[in-house]
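Subject: Structure for you to look at

Dear colleague,

Please find the structure below. My notes on it follow.

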2 protein chains.
Amino acid sequence: MTLFDGLSAFPITPTDTDGRVDTNTLCRLLDRLVKAEVNSVGLLGSTGGYAYLTRTERQRAIAAAADFLGGRIPLIVGVGALRTDEAQYLARDARDAGADGLLLAPVSYTPLTEEEVYQHFVAVAETTGLPLCIYNNPGTTHFTFSLELLERLSQVENIAAVKMPLPKDDAFDADLAQLRQNTPDGFAIGYSGDWGCAAGLIAGASTWYSVVGGLFPVQAMKLTKAAQAGDTDEVKRIDSFFQPLWTLFKEFGSVRIVYAAANILSLSDASPHLPILPLSPADQQRVAMAIEALDRLGPD
Amino acid sequence: MTLFDGLSAFPITPTDTDGRVDTNTLCRLLDRLVKAEVNSVGLLGSTGGYAYLTRTERQRAIAAAADFLGGRIPLIVGVGALRTDEAQYLARDARDAGADGLLLAPVSYTPLTEEEVYQHFVAVAETTGLPLCIYNNPGTTHFTFSLELLERLSQVENIAAVKMPLPKDDAFDADLAQLRQNTPDGFAIGYSGDWGCAAGLIAGASTWYSVVGGLFPVQAMKLTKAAQAGDTDEVKRIDSFFQPLWTLFKEFGSVRIVYAAANILSLSDASPHLPILPLSPADQQRVAMAIEALDRLGPD
């Protein structure tokens, strides 16, 4: 297993309404990930609200997580920022606090060219010696990587992995074959988009970058292991318990749902940062029912 | 004339490579706008790189601009931010420094719902008594306003204007008719996308939110006045001198071009913030030729 194999679990980063990280609650969430033995923790991903946090609060979150994990689970930290110098500062902060790897999103305001994204990634990768995963999620970063750019980036030292969006029509075999053909051996190809990731693992993807794994790590590990074993019947069975949650993820975006679920489970009373609104009581009720459905999968 | 009528000129905000605003150079750029008697200054718009600047640097830029302008030209300030509380801080900063109006972009990372954008705008509009313009530019903010949302927002106190992207196929008449029908009398409808804005003014739009006006205010005022007078022949004549610049704006994005142009004119030695790259020498040469073409329009 390398740093970027298996289930990478992305927790929320609970904050107060002023954006100050509640490190106690964060560690309580991390404790669930340690106990479930997820393969890595993905701190400060999109679910972790990195884009909404100041550098100081991001430093506090990383320090608390690294101290709490103490090397028991590898720690991957999101260091995306609009400016290259800022992303470099954040990469150094992550390294200094004890991160094992970095996740870099090409956050954009002015739409970026391929060359700009290439140089941005090289600059950040060179800043620390840490292995870096390319965060490819056009839905949030508003940048679409071409195959040529991924190929070029995969040849940069330290750039070791890519987190891909789900392929169209779940065509994982073709997507993986094409990516493998154009990236070095050992370059880790993984997916995000929870509802499709078990199929990605079955097709041979290295990693499931998972929102649900950050809050329901036991159940997500079950799905991961069945998928890694290629047990399609068992995957189908386990996946059926997740279905109500997948429906909500697609309807509201996964961030809004995991915040509501963490509230319902009394694991956190935090809300996403405004302007993102909490769910209505009726929709929260739907989340509660989806959690009940997942509970029926059983704890072990 | 109201605050949101005519040519609103958006200058770059020159900074050093650490993102510190060069207020002397900014004021030199503003002086050109004062002399050309543009109708308003749009500080910290997309061209002004607001998304890349810290709150402190934004404060410095606003204070310098407000002091320099001293009420000679109305000052509209961009206060977009990912978080509602941050946008509210920025709105207060702008008001305290002497801004006459605000421009608010629904900057997003997690894609926003209509209700979230509505509440975000209401929260910021309520924070100050300043008239506020809705910044509708899906290309940078990644949010698309529905007509229903614009209608709802136009009824909020202080929300006095909208900056629209160019309508498809230059269908300004239909676009304006539809917007007018759904917004209160006096609600100012303007456009950005420099190459189409003269046509927008001819069709009766209130405002041209202009990148080119931030650097070439004399020429942009000529185009504005001809368009406002409905003199289509004169508009066509003037516009022909802008054509090489429009071609470059469309090819590279206007931000990269105006930075290069300001460098060529020795008005500023600043570059956009990395990861945005300066133009290649060959492309800079094209910008120089476009400036020469515009020069042939003559200064008066």
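**Notes on the model**

Leaving aside residues up to four places away in sequence, Q59(A) touches D93(A) and A97(A); contact here is C-beta atoms, placed from the backbone, within 7 Å of each other. This is a predicted model, in which local features need pLDDT of at least 70 and side-chain atom pairs count only at pLDDT 80 or more, while totals for chains, interfaces and linings use all residues. Residues are numbered from 1 along each chain as its sequence is written, and chains are lettered from A and ligands numbered from 1 in the order in which they are written.

Q59(A) sits in helix 2 (residues 55-69) of chain A. Helices (H or I, at least four residues) and strands (E, at least two) are DSSP runs, numbered from the N terminus. Q59(A) counts as partly exposed because it has 18 C-beta neighbours inside 10 Å. For that scale, a residue is buried with 20 or more other C-beta atoms within 10 Å of its own, exposed with 12 or fewer, and partly exposed in between, the C-beta atoms being placed from the backbone. The C-alpha atoms of Q59(A) and P74(A), 15 residues apart along the chain, are separated by 17 Å.

**Barrel of chain B**

In chain B, eight strands close into a barrel in the order 1-2-3-4-5-6-7-8, with parallel pairing; two strands pair if DSSP finds at least two bridges between them. From one strand to the next the twist averages 25°. Angles run from 0 to 180 degrees between N-to-C directions, and axes are lines fitted to C-alpha atoms, for helices over the stretch in contact.

Strand 2 (residues 40-43) of chain B is joined to strand 3 (residues 75-78) of chain B by three bridges, and L43(B) has V77(B) as its bridge partner in strand 3. Helix 2 (residues 55-69) of chain B lies across both of these strands and runs at about 165° to strand 2 of chain B.

Strand 8 (residues 207-210) of chain B is covered on both faces: T207(B) and Y209(B) on one side, and W208(B) and S210(B) on the other, are all buried. Four bridges connect strand 8 of chain B with strand 1 (residues 6-9) of chain B, where G6(B) is partnered by T207(B). Two bridges pair strand 7 (residues 188-191) of chain B with strand 8 of chain B.

**Helices 9 and 10 of chain B**

The axes of helix 9 (residues 217-228) and helix 10 (residues 232-252) of chain B come within 8 Å and cross at roughly 160°. That makes helix 9 of chain B roughly antiparallel to helix 10 of chain B, a term for angles over 145 degrees. The contact is made by K222(B), L223(B), A226(B) and A227(B) of helix 9 and E234(B), V235(B), I238(B) and D239(B) of helix 10.

**Between the chains**

27 residues of chain A are in contact with 27 residues of chain B. Helix 3 (84-97), helix 4 (114-127) and helix 5 (138-141) of chain A each supply at least two residues of the side of chain A that touches chain B. Helix 4 of chain A gives the most to that side, with five residues.

**Backbone details**

The peptide bond from L274(A) to P275(A) is cis, with omega near 20°; P275(A) lies in the loop between helix 11 (254-264) and helix 12 (281-295) of chain A.

Regards

Notes: Contact = placed C-beta atoms within 7 Å. Parallel < 35°, antiparallel > 145°, perpendicular 65-115°, else oblique.
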